[in-house]
Amino acid sequence: MPSAIYNIRGLTKSYGDNVVIDELDFEVYAGESLVILGRSGSGKSVTLRQLNGLEKPDSGSVIFDGTEITTLEERDLVPLRRRVAMLFQGGALFDSGTVFENVSFPLREHTDLTDDEIAEIVDQKLAMVRLSGIDGVLPADLSGGMKKRVALARSLALDPEVVLFDEPTTGLDPMTGATIGHLIRSTQRDMKTTSVVVTHDIPLARLVGDRVAFLEGGRFSFVGSWDDADRSEDPIFSRFLAGLEEEESHVA
Amino acid sequence: MSLTTSLQNPLRVAGRLSLLSAHAFMAAIAPPYELRLWIREMEQIGVRSLGVAAITTIFTGMVLALQTAYSLPSIGVKYYIGTVVSKSLVRELGPVLVALIVGGRIGAGMTAELGTMKVTEQIDAMRSMAADPVKKLVVPKLVATLVMLPALTVLGDFLGILGGLIVAMGQLQLTAGFYINDVLDALTLQDVSSGIGKSFFFAYFIAIIGCYNGLYASGGADGVGRATTNTVVMASILVLVSDFFLTKLFYILF
Ligand SMILES: Nc1ncnc2c1ncn2[C@@H]1O[C@H](COP(=O)(O)OP(=O)(O)OP(=O)(O)O)[C@@H](O)[C@H]1O
Ligand SMILES: [Mg+2]
């Protein structure tokens with residue numbers, strides 16, 4: 001068994017009366033790619049945002065590489081966040097800066113590299129997402145797919161050990177989505193990163209996921225390999241995988 | 001709507017504003033100092049606001065001069081318009097008008113910018129890259145406002161007094177020398193420092209409210225719009241109400 005880089009126990013988070021995740025337990029193993037599937041509003045983003053401390057749970061524990069992170073102050077999360085990058089749903093590029101300023105941001109914040117060294121790394125990361133030569137462009141002038149790729153380059157700038165992906169393909173056409181999927185796959189291989197990918201895009205999940213978890217009713221109703229997933233007898237999960245509509249009784 | 005939301009939970013808002021202030025203060029004094037960001041904000045605020053500040057204060061000075069001269073013509077009040085114009089401007093109208101007009105713009109701009117960053121997850125992205133949004137975004141805006149609002153107020157005072165001079169010479173047949181002597185005789189160091197002192201407080205209120213409403217915005221573009229209106233309302237009320245207490249305070253101090 002590979003070692004777990006994340007150990008999550010009894011994680012619970014509610015907003016008002018809405019219990020979004022309820023006593024969630026899972027591990028993320030070093031070097032693997034875990035895909036979290038679930039319907040819209042099932043709490044995938046809420047779960048992911050616990051893994052780098054963007055939000056605090058009501059109860060439960062998140063242990064990253066031996067450290068309990070749910071009790072850490074914003075300031076004490078800095079070491080974790082240098083090792084764990086996050087790719088946001090809309091890219092979340094800084095509107096006010098160029099592509100170069102965006103990708104170089106983590107390098108300027110956390111390294112003492114010279115301007116030349118930074119420029120070299122930015123070039124290399126942009127080449128990796130196949131967007132060389134757009135350094136001076138503003139995010140507002142990029143297409144949705146290009147924004148996601150620039151955001152991917154930015155999240156990889158510091159060579160993170162773990163990357164958290166929130167819906168990397170939502171809002172993109174299938175071909176652009178596949179391009180992003182293959183980029184994620186190749187960065188996982190080349191940089192040996194661990195990744196957690198939240199999505200409801202099944203082809204992407206099959207492409208990038210070593211293991212798959214299905215979030216339903218605040219818990220994982222399934223965690224396992226794709227082979228087991230395809231053999232699962234959980235009616236909701238198999239319908240979800242097959243892309244079928246909800247059963248009559250589930251339609252409000 | 002915006003008024004009730006802004007006042008519905010005054011204690012909680014006051015608590016969060018104090019926390020944000022404390023956080024911003026700690027982040028401001030801790031190196032590294034992001035001078036480049038500070039200067040960029042100052043430029044933005046200064047350039048964006050110069051025109052409105054100038055027009056507001058010149059015309060206020062002119063109106064003050066006219067009103068004063070016409071109010072009690074029989075007792076020759078026009079020979080004191082230098083005193084009236086300069087004292088009212090420097091102590092009261094300069095700081096307050098500049099804070100209301102320029103401050104409304106600056107504050108609303110801050111809320112719109114930070115609110116948009118909040119709802120598009122740019123603030124979270126910054127946090128996820130282990131950078132402090134308060135240090136990167138709030139501190140430069142706060143510092144820039146604390147520098148530029150008093151500076152614009154001083155400039156506004158000059159222009160307002162100049163406005164008074166134009167009316168004094170053009171309409172009231174006074175000489176420039178007479179008016180300027182009157183102004184210089186009347187103005188004391190206390191007037192000047194109390195006016196600038198007020199404007200520092202106003203600057204702090206405007207910037208902290210503008211940033212606060214942006215950082216706590218939610219609910220997409222709609223939410224950012226509401227937060228922006230909220231900033232203008234909250235900042236204006238706070239400027240006007242605190243002005244009363246600050247006036248009292250500065251009379252006691254000096
Ligand atoms: N800050 C918040 N305040 C209140 N409720 C929230 C907040 N964040 C999330 N929620 C609620 O938590 C639930 C799960 O949200 P979440 O964003 O995790 O869903 P999701 O699985 O990521 O869905 P999607 O696929 O649509 O992105 C939703 O009902 C949402 O309304
Ligand atoms: Mg989501």
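1. Strand S2 (18-29) and helix H1 (44-48) of chain A each supply at least two residues of the shell around ligand 1. H1(A) gives the largest share, three residues. Helices (H or I, at least four residues) and strands (E, at least two) are DSSP runs, numbered from the N terminus.

2. This is a predicted model: local features need pLDDT of at least 70, side-chain atom pairs count only at pLDDT 80 or more, and totals for chains, interfaces and linings use all residues. Residues are numbered from 1 along each chain as its sequence is written, and side-chain values use heavy atoms, without hydrogens and water.

3. Ligand 1 is surrounded by 14 residues (a heavy atom within 4 Å). The closest are A:Ser40, A:Gly41, A:Lys44, A:Ser45 and A:Glu167.

4. Backbone N or O atoms approach oxygen atoms of ligand 1. The distance is 2.9 Å for A:Gly43, 2.8 Å for A:Lys44 and 2.9 Å for A:Val46. The protein covers 61% of the 630 Å² of accessible area that ligand 1 has on its own (Shrake-Rupley, 1.4 Å probe).

5. Now the chain interface. 15 residues of chain B are in contact (heavy atoms within 4.5 Å) with 22 residues of chain A. The two chains bury about 1,500 Å² between them (accessible area lost on being put together, 1.4 Å probe, summed over both). Of that area, 53% is on carbon and sulfur atoms. In chain B, B:Arg127, B:Ser128 and B:Met129 lose the most area to chain A, together 39% of what that side buries.

6. Four salt bridges cross this interface (side-chain nitrogen of Lys or Arg within 4 Å of a carboxyl oxygen of Asp or Glu). B:Lys136 and A:Glu109 meet in a salt bridge at 2.5 Å, N to O.

Conventions. Chains are lettered from A and ligands numbered from 1 in the order in which they are written. A polar contact is a pair of N or O atoms within 3.5 Å; within protein, one must be able to donate a hydrogen and the other to accept it, and residues adjacent in sequence count only if both atoms are side-chain atoms.
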